[in-house]
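Student: Can we go through this chain together, one question at a time? Please show me the sequence and the model before we start.

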Amino acid sequence: METPLGSAPEAYRGDIRETVQKAIKCGTRDLGYAKYECLGCEGDPVPVFVCLICKSCFCHKCGKEYTDDWSDKQQDMIFDVPRRHLVFTVPKDLRNVFY
């Protein structure tokens, strides 16, 4: 059975593997983490670990963030004017003519 990677050009295979591995490890300690502790607290403070993300558009978590940011930017660029959305359909009898 041939893998989907086998159908990709040889020059891209290393990059594809790297991107997929980064997406799999996204949000885990494998990509690294930041450790935060409250040095002002008395007693034994419990450290908090914040895992790093891959920042890849391929990743389902990071890609959604990019998409949401892009959508917000597009919404800011649209003029604030009243508008209507219309959907035109073709009668079933005429669809073959238009295909």
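Student: Which residues does Gly63 touch, not counting residues up to four places away in sequence?

Tutor: Keep in mind that this is a predicted model. Gly63 has its place in helix H2. With the close sequence neighbours set aside, the residues that Gly63 touches are Ser56 and Cys57.

Student: Is Gly63 buried or exposed?

Tutor: The cut-off for buried is under 20% relative accessible area. Gly63 has 10% relative accessibility, so Gly63 counts as buried.

Student: How far apart in space are Gly63 and Ala23, C-alpha to C-alpha?

Tutor: In sequence, Gly63 and Ala23 are 40 residues apart. Going from C-alpha to C-alpha in space, the distance is 9.9 Å.

Student: Let's look at Ser56 now. Where is Ser56 found, and is Ser56 buried or exposed?

Tutor: Ser56 is in the loop between strand S2 (48-51) and H2. The relative accessible area of Ser56 is 10%, and anything under 20% is called buried. So the word for Ser56 is buried.

Student: Is Tyr66 buried, exposed or partly exposed?

Tutor: Tyr66 has its place in helix H2 (residues 60-77). Buried is under 20% and exposed is over 50%, with partly exposed in between. At a relative accessible area of 39%, Tyr66 is partly exposed.

Student: What is the phi of Lys55 near?

Tutor: Lys55 is in the loop between S2 and H2, and at 58% relative accessibility Lys55 counts as exposed. Most residues other than glycine have a negative phi. Lys55 has a positive value although it is a residue other than glycine, and its phi is near 60°.

Student: Where does a glycine take a positive phi, and of about what value?

Tutor: Start from helix H1 (residues 10-25), which has 16 residues. Just after H1 comes Gly27, with a positive phi of about 80°.

Student: How far does H1 reach from its first C-alpha to its last?

Tutor: At 1.5 Å a residue, the expected value is 22 Å. H1 is close to that, with a reach of 24 Å.

Student: Which residues is Phe58 in contact with, leaving aside its neighbours within four places in sequence?

Tutor: Phe58 is in the loop between S2 and H2 and is exposed, with a relative accessible area of 55%. Its C-alpha is 7.4 Å from that of Thr19, a residue 39 positions away along the chain. Phe58's contacts, with the sequence neighbours left aside, are Thr19, Val20 and Ala23.

Student: Let's zoom out. What pattern does the chain follow along the sequence?

Tutor: The chain has three helices and two strands. Read along the sequence, the pattern is α-β-β-α-α.

Student: Why is the chain called more spread out than a compact globule?

Tutor: For 99 residues, the globule rule gives 13 Å. The chain is well over that, so it is more spread out than a compact globule, with a radius of gyration of 24 Å.

Student: What percentage of the residues counts as buried?

Tutor: The C-alpha trace spans about 80 × 50 × 25 Å along its principal axes. The accessible surface of the chain comes to about 9,400 Å². Of the 99 residues, the share that counts as buried is 9%.

Key: Residues numbered from 1 in each chain as written. Predicted model: local features only at pLDDT ≥ 70, side-chain atom pairs only at ≥ 80, totals over all residues. Heavy atoms only, no water. Helix = DSSP H or I, 4+ residues; strand = E, 2+ residues; numbered from the N terminus. Rg over C-alpha atoms; globule rule 2.2 N^0.38 Å. Buried < 20%, exposed > 50% of the residue type's maximum accessible area, 1.4 Å probe, protein only. Areas by Shrake-Rupley, 256 points an atom, 1.4 Å probe, with all protein chains shown as cover. Expected span 1.5 Å × (residues − 1). Contact = heavy atoms within 4.5 Å.
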